[in-house]
Amino acid sequence: MLYAPLIIASIALFLCLYACVRVGQFINASKGLDWDAVANITGDLATTKKTIQTLNNRLNGMHSPKLADQELMLQLMQRQPNQQMNGGIQHNNKNLGG
């Protein structure tokens with residue numbers, strides 16, 4: 001019974017020291033980093049992200065125009081002259097309000 005808390009406490013101490021070393025390494029690595037460098041890195045990451053999204057959309061076919069949309073537009077344009085010859089487009093005239 002006495003050994004279990006001793007082992008747990010020593011593991012906790014080891015993990016705490018390991019975390020302190022990692023934080024120290026991070027502070028030393030970012031010592032020469034100023035806010036202009038952070039802004040440049042942020043801009044570069046945003047540009048890279050946008051490029052990757054565009055490439056993924058192009059690969060998935062979302063960037064190219066849809067054939068069904070083009071066909072619908074052609075059908076709509078073909079119907080307009082027919083409706084104009086048949087007496088025009090009928091509008092729904094409902095009175096709204098009180």
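Author: Let me begin with a definition: a residue is called buried when its relative accessible area is under 20%, exposed when that area is over 50%, and partly exposed in between, using a 1.4 Å probe and protein chains only. By that scale Tyr3 is exposed, because its relative accessible area is 64%. The model is a predicted one, in which local features need pLDDT of at least 70, side-chain atom pairs count only at pLDDT 80 or more, and totals for chains, interfaces and linings use all residues. Residues are numbered from 1 along each chain as its sequence is written, and side-chain values use heavy atoms, with hydrogens and water left out.

Tyr3 belongs to helix H1, which covers residues 3-29; helices here are DSSP runs of H or I with at least four residues, strands are runs of E with at least two, and both are numbered from the N terminus. The chain holds three helices and zero strands, and buried residues make up 0% of its 98 residues.

Together with Leu6, Ile7, Ile11, Phe14 and Leu15, Tyr3 makes a nonpolar surface patch of about 700 Å². Areas come from the Shrake-Rupley method with a 1.4 Å probe, and for residues only the protein chains shown count as cover.

A disulfide is counted when two cysteine sulfur atoms lie within 2.5 Å, and by this rule there are zero. The sulfur of Cys16 is 4.4 Å from that of Cys20, the closest cysteine sulfur, and therefore too far for a bond. Cys16 counts as partly exposed, at 44% relative accessibility.

As for confidence, pLDDT (the predictor's confidence in each residue, from 0 to 100) is highest in H1, at a mean of 95, and lowest in helix H3, residues 67-85, at 72.

Terms used:
Patches are made of residues with over 30% relative accessible area and no salt bridge: like charges are joined within 9 Å, nonpolar side chains (Val, Leu, Ile, Met, Phe, Trp, Tyr) within 5 Å. A salt bridge is a side-chain nitrogen of Lys or Arg within 4 Å of a carboxyl oxygen of Asp or Glu.
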